[in-house]
Amino acid sequence: MMYEHFDNAVKGITEKLNQDPEGINARKKYALELSKLGKKLYSKDENIAWCGVTAPFDLLGSMGVTSCFVEFVGAILSSTQTAGLFLEEAEDSGFATDSCAYHRAVMGAVLKNAMPEPDFIIGTSSPCTAGLAIVENFANQYKKDFFILNVPQNYTKDAVKFLAAQIEEMTSFVSDHTKRPLSKEKLGIALDYFNRSSQLLKDIYDLAKTKPSPVDNKFLKDFGTVMALLMGTQQGVDICRAFKDELNHRIKTGRHHASKEKIRLMWIQNRIQYPFPINEMLDDLGARLVVDELNDVTWEPMDPDKPFESIAKRMISIPYSMDTSERIRHMQDLALAYRIDGAINPCHWGCRQGTGPRGLISKGLKDINVPVLNLEIDCVDSRNLAKGQIETRVEAFIEMLS
Amino acid sequence: MNKKIGFTCAYTPVPLIEAAGFSPFRIFPESKAPDQAGHLLHDNLCPHVKKVLNRALADDLPGLEGMVFINSCDSMRRLADAWHEARPDDRTILLDLPSGINNLSLDFLSKEYERLAKTLFKWNNESFSPEIIPEIKPEIELDKIKDKIATWNLLAASVKKIEEKMSLDYFPGIASALQQIINTAATDSTDKALAMAQKKIEPKEPAKAGKSPVFIFGNLLFDPKVYDLFEEWNVHVTASDFCTTSRFITPVDTRTDNNIFRSLADSYLKQTPCARTMDTAKPGSIAQRIVQRAKESNAKGVIGFILKFCDPYLARIPMIRQALQKESIPFIMLEGDCTMGSMGQQQTRIEAFTEMLGV
Ligand code: SF4
Ligand code: SF4
């Protein structure tokens, strides 16, 4: 089922792109590459690793491993409105309804044999304990070897050394399974792509800061988290360039939706994955999501002479790994740089990591006069969605900001 | 009376707190403090963390010289974050705790424990003479730590003996008495707990028959009165696995390494098997461990007491259930806040379970 989904997506998007060979079409190119990745994951003739969100996909890619974080599948199931079936399967097998639905959906897919069997599993302690628990369940279910990257929260020399040593150990673990040693040259190439993508990301985010902003509410949806899957490749560089070109084009031609921008907003953590017209609704109200909390480059360029240390520093630097006070400081910086009027925190049900500090985040942004709308919503499971209530609250919030 | 150091997680080595001249004070999630945690954290965090935060917000705590937090799970991380807001003047330290067990993790944790020891000694010296920080004398400090570990190990051995008795026969009141001993070690002193334990090794009352032997496990179950209730409800607790029961008194094998902190890391990471720690060589081994412990303690059934919203445990319940089923060991899981308050609601289910098990 999933293979067909990705295969059809690849065909459909390729056809559309062929009809407009001169167009920039950044989002289509992005969707195409993600669909190709999905197809590879389900194709059965690749070395596959299911991972945690912050795994070093560039390094794994350079070792010939097709890898992805398991939550990606949860998001796809939700966006294609097929998650319900899998959520029920997981719940019937005893997975708590209070847990994160990204994990519950993907666990349901494992139990229903709708996931490709990995060759091995790499868990990451960042962003969350729940993610680690779910990949342990994967390893147990598939009887596959399991490796954990512990991402410390304290950003100290010892912490970086510890994580770098684990990443190095991970490469031996991977080699043992693929029978391919780590090639310094291939890793160097992947890191170079990563660095070029990072620079382009910075440019993209700088362009998004323009007032009025050239982004529309969907343009950079979950971009920071998902792009990590592609950044160590030529395709990743091409996509970033397409996004940058499209933003420049929008600014130059003035043909972007920015004309309607009355209110500038930040979205906290992940977006809602199933079809829910919040973007359109915000559009109608003249509000624009100009920045997502996770769309930022928080790391220094990767140093090919110290690859493991560079990757370790990058993993510890991202908001998923930060403690709340640092995370708030990061949000405050974004709020000032993007000159936002307010923020929306979806408070994804079941997420202790991101949603856990709800009150602390509201307070931290209030300290710099940025009001926060806390929506109590499940970003993946739409079964109990109180649509009307959410619409009313969003409307009232935007009205208050206006 | 010694000054107190607060902590919340069983991965905090009490011998280090005592060696630095403090008394341990584990903050149990039980209090009449109003529910205010939701102002800082989301309501979907475990009741353990919310109730401890409620205590902090309501000042329902004794004077504390500092707080030790462990980055053991997301909820605990968030508690550490919220503490700064709730009690901004407290000195705090957050230790990173690896999730997997291997050499790198053990080396790292040993450095974290060393950092804890240094911080605690510093906290004590500073508060004795704020102007002059005395020169650190590492040998004396190490000797103090070794001494405290030796007492701790005696306590662990005594607790083990009591548990062995419990698994063989039903002695009324022994489970509750054992909990009092463990709570004393968590909130007062190892010496006192040891004195209490030594008196309990030989039960005063003869063994009785007529109760259902049950192994219990979960996150926290710390109120001694709960164990009396179990007896009323026909349960003979043969053994337990909570981070507030015997697994809290982790014996420290000092023979494993010359470095005392490495010995601590080895012992705590390997022997305090809370669901948040994993043996990557055996994914899902928590399920096997529970089966094994239930069998070893001669239990006929297993009850899991799991805190609502606790990801580490809730995500492992399906595999635990499966493993017990495979061995035909009856199992029920009770979800709640694991305090006396919520226990009453469980009576009917527990009684029905023991009735089904028979004696
Ligand atoms: S349940 Fe585990 S992580 Fe939580 S306090 Fe207990 S030992 Fe620590
Ligand atoms: S392990 Fe579970 S119960 Fe323990 S502190 Fe973490 S979330 Fe709470």
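User: How are H6(B) and H8(B) oriented to each other, roughly parallel or roughly antiparallel?
Analyst: This is a predicted model, where local features need pLDDT of at least 70, side-chain atom pairs count only at pLDDT 80 or more, and totals for chains, interfaces and linings use all residues. Residues are numbered from 1 along each chain as its sequence is written, chains are lettered from A and ligands numbered from 1 in the order written, and side-chain values use heavy atoms, without hydrogens and water. The axes of H6 (residues 174-187) and H8 (residues 224-232) of chain B come within 8 Å and cross at roughly 170 degrees. Angles over 145 degrees count as roughly antiparallel, so H6(B) and H8(B) are roughly antiparallel.

User: Which residues of H8(B) make the contact with H6(B)?
Analyst: Contact means heavy atoms within 4.5 Å. From H6(B) come Ile174(B), Ala175(B), Ser176(B), Gln179(B), Gln180(B) and Asn183(B), and from H8(B) come Pro224(B), Tyr227(B), Asp228(B) and Glu231(B).

User: Which element gives the largest share of the lining of the second largest pocket?
Analyst: Happy to look! A pocket here is an open set of points on a 1 Å grid where a 1.4 Å probe fits, with protein on both sides within 12 Å along at least five of seven lines; lining residues have an atom within 4 Å of a point. The second largest pocket is lined by 23 residues, with Lys160(B) and Glu163(B) among those nearest its centre. The largest share, 7 residues, comes from H5(B).

User: How many charged residues are in the shell around ligand 1?
Analyst: Ligand 1 is surrounded by residues including His48(B), Cys243(B) and Arg276(B), each with a heavy atom within 4 Å. The shell has 6 nonpolar and 3 polar residues, and the number charged is 1.

How values were computed:
Helices (H or I, at least four residues) and strands (E, at least two) are DSSP runs, numbered from the N terminus. Axes are lines fitted to C-alpha atoms, for helices over the stretch in contact, and angles run from 0 to 180 degrees between N-to-C directions. Angles under 35 degrees count as roughly parallel, over 145 as roughly antiparallel, 65 to 115 as roughly perpendicular and the rest as oblique. Ala, Val, Leu, Ile, Met, Phe, Trp, Tyr, Cys and Pro count as nonpolar, Asp, Glu, Lys and Arg as charged, and the others, Gly among them, as polar.
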